[in-house]
Amino acid sequence: MYNLNSFTIMLRTIHRYVGRSRTYNFRTARNLSSTLNYDIEKYDVTIVGGGIVGLATARELLLRNPDLKLCLLEKEHQLSIHQTGHNSGVIHAGIYYKPGTLKAKLCVEGLKMLYDFCDEHRVPYKKCGKLIVATEAEEIPRLDNLYARALENGCTVSIVEGKDIQTFEPHCRGLKAIHSPNTGIVDYALVARTYGKEFEKKGGTIKLAYQVEDFKQSSDADYPVAIIGNHDYQQVHSRYVITCGGLYSDRLATISGCDSIPKIVPFRGEYLVLKPEMSHLARGNIYPVPNPALPFLGFHFTPRMNGDVWLGPNALLAFKREGYNFFDFDVKDSYEAATFRGLRKLVMKHIGAGLGELSRAASMRLQVKKLQRFIPELRVEDVQRGPAGVRAQALDTDGNLVDDFIFDSGSGQLSQRMLHVRNAPSPAATSSLAIAKMVVDESKRRFLL
Ligand SMILES: Cc1cc2nc3c(=O)[nH]c(=O)nc-3n(C[C@H](O)[C@H](O)[C@H](O)COP(=O)(O)OP(=O)(O)OC[C@H]3O[C@@H](n4cnc5c(N)ncnc54)[C@H](O)[C@@H]3O)c2cc1C
């Protein structure tokens with residue numbers, strides 16, 4: 001007994017120092033610790049994923065059900081360092097999305113909820129507005145369609161004629177633009193951490209460095225989901241589980257018996273940054289008229305809360321799900337992507353645009369040339385390379401981008417107990433509070449909470 005106890009203590013000490021290091025042999029430790037006593041913590045609902053969607057969901061669930069015992073598990077040592085901490089920081093107004101879709105509805109609702117939340121919790125933001133600018137005559141019909149769509153979605157927008165563009169953006173040129181005064185900017189990692197603080201203040205538990213590796217049926221009928229993580233001396237058992245795993249949302253779903261489709265394919269988005277002395281070139285967000293044949297909104301000017309101005313992001317296929325550097329590579333992620341029929345189809349559909357993105361990614365001169373359509377005085381000397389983010393893009397087997405939110409539970413043994421949020425694409429940060437309401441409604445319906 002003495003030996004077992006000291007061995008348990010030794011394992012705990014090793015774990016404390018090693019944290020979530022992937023070089024630590026968890027499987028060996030798990031086999032050993034299966035003969036030992038490990039702590040089991042029990043919760044009514046466990047949320048997996050400490051990005052903005054998971055944290056907003058955890059908060060909303062606790063606000064509506066203060067008596068529930070809730071836990072949130074995050075694999076990193078900090079909250080919200082992936083998509084939530086690597087994005088443009090734009091509070092979108094809901095202009096682009098097809099009227100009547102969830103994406104449109106949740107964005108318009110989410111924007112209002114987010115501004116109210118920031119006011120209440122003193123999270124700084126700037127309502128710096130946005131111009132979507134047509135610089136070629138052929139873009140004007142598309143701009144007009146976008147304007148009609150924005151009105152249908154209930155956005156506050158106005159048309160700006162070419163000669164008036166400079167009253168909003170003194171350095172910008174164009175033929176015609178849409179002005180959105182309610183578009184803003186914020187630090188989404190700070191917003192998400194503030195959701196987390198409120199969750200903890202109301203009694204929720206957040207466990208960092210807890211990487212979920214499996215879901216198993218436990219022997220406890222009241223808490224039937226055993227959430228197997230990298231903590232071999234500790235297990236979390238739960239009555240119900242909601243996963244919001246971002247770039248790993250498909251893998252979390254498949255380990256509980258769901259289909260592997262839609263699959264997440266990572267797309268890196270790299271930014272350039274205006275040198276500080278040139279930040280005056282853009283006061284607010286300046287966007288191109290999006291090409292409806294392409295999935296992303298196009299390279300744009302976005303001011304940041306610290307006064308910087310970012311240009312981007314582009315969209316390049318990544319070889320690693322959380323690969324923020326050009327040469328980041330992961331064998332499993334790359335193999336999965338390369339052998340996925342949906343991705344091959346997508347690449348064939350957009351091969352021209354993809355090659356264009358690649359050449360502009362390699363040459364700042366080419367990228368700047370594209371941006372000079374909006375700000376002719378911009379020079380390549382005015383920009384430097386900036387950070388990158390990775391988008392979790394869900395794809396079906398025909399190479400179609402899955403545009404809206406998807407819930408899944410699968411059909412396995414644990415399906416009655418699981419709710420996976422499999423796709424939360426941009427503008428999910430803007431819409432996070434509205435998405436959380438929808439996820440909690442869905443969980444109440446499925447779990448009868
Ligand atoms: C380049 C870029 C620009 C964008 N710009 C905007 C914008 O301007 N405005 C906007 O509204 N949206 C924008 N988005 C989209 C927005 O950032 C995302 O939709 C949103 O952050 C998704 O949040 P999430 O919580 O689903 O994912 P994430 O923030 O990625 O969080 C998922 C979390 O789950 C954790 N996790 C994964 N697997 C496990 C596991 N096995 N165990 C435990 N934890 C796990 C991860 O570590 C991570 O913390 C942008 C995205 C990108 C990439």
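How many bridges join E4 to strand E8? Select residues 184-186, which make up E8: two bridges join E4 to this strand, and the two run antiparallel. (Strands here are DSSP runs of E, at least two residues long, and helices are runs of H or I, at least four long, numbered from the N terminus; two strands pair if DSSP finds at least two bridges between them.)

A quick word before moving on. This is a predicted model, where local features need pLDDT of at least 70, side-chain atom pairs count only at pLDDT 80 or more, and totals for chains, interfaces and linings use all residues. Residues are numbered from 1 along each chain as its sequence is written.

Now click Tyr-125: standing opposite is Val-186 in E8. The three strands form an open, antiparallel sheet in the order E3-E8-E4.

Next, colour by pLDDT, the predictor's confidence in each residue, from 0 to 100. The protein chain averages 91, and 92% of the residues score at least 70. Select residues 1-35, though, and the pLDDT is below 50.

The C-alpha atoms fill a box of roughly 80 × 45 × 45 Å, taken along the principal axes.

Terms used
Contact = placed C-beta atoms within 7 Å.
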